[in-house]
Amino acid sequence: MILEIVSPEATLFSGEVTSVAVPGINGEFQMLNNHAAIVSLLTKGNVKINAQNIKIEKEHVSKFTKVNEQTFWLPINSGTIEMNNNKVIVLAD
């Protein structure tokens, strides 16, 4: 599936991922390929990205925490997520 993480300043990440977990208002939840369509508010926490080959642009890499070769976390204060047709868009503050 495709993940895009957009902040007010820039697109922080865009690429193919195997899963993404986000801090929803009712707790953390994860999305995999072919997940049902969803729109949700996000709270303070980490967006957790898992992918085979994660490529983050140099100007944004300092915002992410590298957990291992296939996992990165991005701390956010709030936001919105939309998943539809194997495309996830995170609008994050």
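Below is a short tour of the fold, the surface and one hairpin.

## About the model

This is a predicted model, in which local features need pLDDT of at least 70 and side-chain atom pairs count only at pLDDT 80 or more, while totals for chains, interfaces and linings use all residues. Residues are numbered from 1 along each chain as its sequence is written, and side-chain values use heavy atoms, with hydrogens and water left out.

## Overall fold

The protein chain has 10 strands and 0 helices; these elements are DSSP runs numbered from the N terminus, with at least two residues (E) for a strand and at least four (H or I) for a helix. With a radius of gyration of 12 Å, close to the 12 Å that the globule rule gives for 93 residues, the protein chain is therefore as compact as a globular protein of that length. That radius is taken over C-alpha atoms, and the rule is 2.2 Å times the number of residues to the power 0.38.

Along the principal axes, the C-alpha atoms fill a box of roughly 30 × 25 × 20 Å.

Of the 93 residues, 38% count as buried, meaning under 20% relative accessible area with a 1.4 Å probe, protein chains only. Residues 24 or more positions apart account for 54% of the contacts with a separation of 6 or more, where contact means heavy atoms within 4.5 Å.

## A hairpin up close

Strand 7 (residues 65-68) and strand 8 (residues 71-76) pair in the antiparallel sense over 3 bridges; pairing requires at least two DSSP bridges. The two strands form a hairpin with 2 residues between them. Thr65 has Trp73 in strand 8 as its bridge partner.

Terms used. Buried < 20%, exposed > 50% of the residue type's maximum accessible area, 1.4 Å probe, protein only.
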